[in-house]
Amino acid sequence: LRIKMDAIPAALDLPPRRARDVMARCPQLLRRSPATVHARFRVLQSLFDSVPRNFLSELLQQEPRVLCLSAATLAAKFASLTRKYGSFQDDVVDMILVDPNVFLNAPIDAPAALARSAAQSGEPVGASGVLQLLRVAGELRVPL
């Protein structure tokens, strides 16, 4: 447990004190390996690439449960919000930063449905690269 607690700050690119606050608010993070936490953090960084790093840190402090979602779930929820509220990734990011529960409560489309939708439209679904993130996360095995 101590090893995980020591590794999480680096996995989240947070100072140790802020990382401890995140872990205190969401002790379930300690059930995951630091590598898994870091992979989820990297997906969030990719989805929130338009905002300064400290905004993502604030999101994690405000609602650390986002790190308990799998990488594929993070990407699928983001894609769902992008489809529902418009194709501008920055608008979805702003909405999530204001109220992280919007993100946590977003519906998830099945990866196969995402792939079919992308194949029909000829364009990526939701934020750019979401389908690629699903592939990287190992959740999308349907060829486009």
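**Briefing: helix 2 and its surroundings**

In helix 2, the buried residues are Ala 19, Val 22 and Met 23. Viewed down the axis of helix 2, these buried residues fall within an arc of 95°, so they line one face of the helix. The model described here is predicted.

**Packing of helix 2 with helix 4**
- Two packed helices are described by the angle between their axes and the distance between the axes.
- For helix 2 (residues 16-25) and helix 4 (residues 53-62), the axes come within 8 Å and cross at roughly 35°.
- Helix 2 contributes Arg 18, Asp 21, Val 22 and Arg 25 to this contact, and helix 4 contributes Ser 57, Glu 58, Leu 60, Gln 61 and Gln 62.
- Among the residues of this contact, four are charged, three are polar and two are nonpolar.

**The loop residue Asp 99**
- Asp 99 is located in the loop between helix 6 (89-98) and helix 7 (100-104).
- With a relative accessible area of 32%, Asp 99 is partly exposed, since that class lies between the limits of 20% and 50%.
- Asp 99 and Leu 59 are 40 residues apart along the chain, and their C-alpha atoms are separated by 9.2 Å.

Notes
Residues are numbered from 1 along each chain as its sequence is written. This is a predicted model: local features need pLDDT of at least 70, side-chain atom pairs count only at pLDDT 80 or more; totals for chains, interfaces and linings use all residues. Side-chain values use heavy atoms; hydrogens and water are left out. Axes are lines fitted to C-alpha atoms, for helices over the stretch in contact, and angles run from 0 to 180 degrees between N-to-C directions. Helices (H or I, at least four residues) and strands (E, at least two) are DSSP runs, numbered from the N terminus. Contact means heavy atoms within 4.5 Å. Ala, Val, Leu, Ile, Met, Phe, Trp, Tyr, Cys and Pro count as nonpolar, Asp, Glu, Lys and Arg as charged, and the others, Gly among them, as polar. Buried means under 20% relative accessible area, exposed over 50%, partly exposed in between (1.4 Å probe, protein chains only). The arc is that of the directions from the helix axis to the C-beta atoms.
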